[in-house]
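This report describes how one chain is built and then turns to the surroundings of one of its elements. The sequence and the structure come first.

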Amino acid sequence: MLNDIQRQQLALLSHGKTSKEAALILGMTIETFNRRLETVRLALNARTTHQAVFIYATHYVNAPDRETSGRLRRILLDLANGITDDCE
């Protein structure tokens, strides 16, 4: 469903990188990064970047253990539910 670049975008964001930092790492402008990220959100049917990262983390990433997985899911659920809406 997601191509390599899209997965890399979400992986970087899920590891706490800003869009600007992730764009630099991937060698693209912030405008290109954001345009491609919009495509990712549409593909995942996510309203926000946080929701897209949550979907990526829960469906595309294998957490190392159950405790870490649960903690990550709680954090991402909080983000997806708008607790930090200003971070989109």
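Predicted model: local features only at pLDDT ≥ 70, side-chain atom pairs only at ≥ 80, totals over all residues.

## Order of elements and overall figures

Of the 88 residues in the chain, 35% are buried.

Among the contacts in the chain with a separation of 6 or more, 49% are accounted for by residues 24 or more positions apart. The accessible surface of the chain amounts to about 5,900 Å², and 51% of that surface belongs to carbon and sulfur atoms.

Helix 2 spans residues 19–26, and its buried residues are Ser19, Ala22 and Ala23. These residues lie on the same side of helix 2, because the arc that they cover around the axis is only 100°. What covers the buried residues of helix 2 includes helix 1 (4–14) and helix 3 (30–44).

The face of helix 2 turned away from the buried side carries Lys20, Leu24 and Ile25, which are exposed. After helix 2 comes glycine 27, whose phi is positive, near 75°.

## Packing against helix 1

Two packed helices are described by the angle between their axes and the distance between the axes. For helix 1 and helix 2, the angle is about 135° and the axes are 9 Å apart. Since angles from 65 to 115 degrees count as roughly perpendicular and those over 145 as roughly antiparallel, helix 1 is oblique to helix 2.

The crossing in which helix 1 passes helix 2 is right-handed. On the side of helix 1 the contact is made by Gln8, Gln9, Leu12 and Leu13, while helix 2 contributes Ser19, Ala22, Ile25 and Leu26.

## Packing against helix 3

Helix 2 and helix 3 also pack together, at an angle of about 105° and with their axes 9 Å apart, and the two helices are therefore roughly perpendicular to each other. In this contact helix 2 takes part with Ser19, Lys20, Ala22, Ala23 and Leu26, and helix 3 with Ile30, Phe33 and Asn34.

Notes:
Residues numbered from 1 in each chain as written. Heavy atoms only, no water. Buried < 20%, exposed > 50% of the residue type's maximum accessible area, 1.4 Å probe, protein only. Helix = DSSP H or I, 4+ residues; strand = E, 2+ residues; numbered from the N terminus. Arc of directions from axis to C-beta. Contact = heavy atoms within 4.5 Å. Areas by Shrake-Rupley, 256 points an atom, 1.4 Å probe, with all protein chains shown as cover. Axes fitted to C-alpha atoms, helices over the stretch in contact; angles between N-to-C directions. Parallel < 35°, antiparallel > 145°, perpendicular 65-115°, else oblique. Left-handed = near helix turned anticlockwise from the far one by under 90°.
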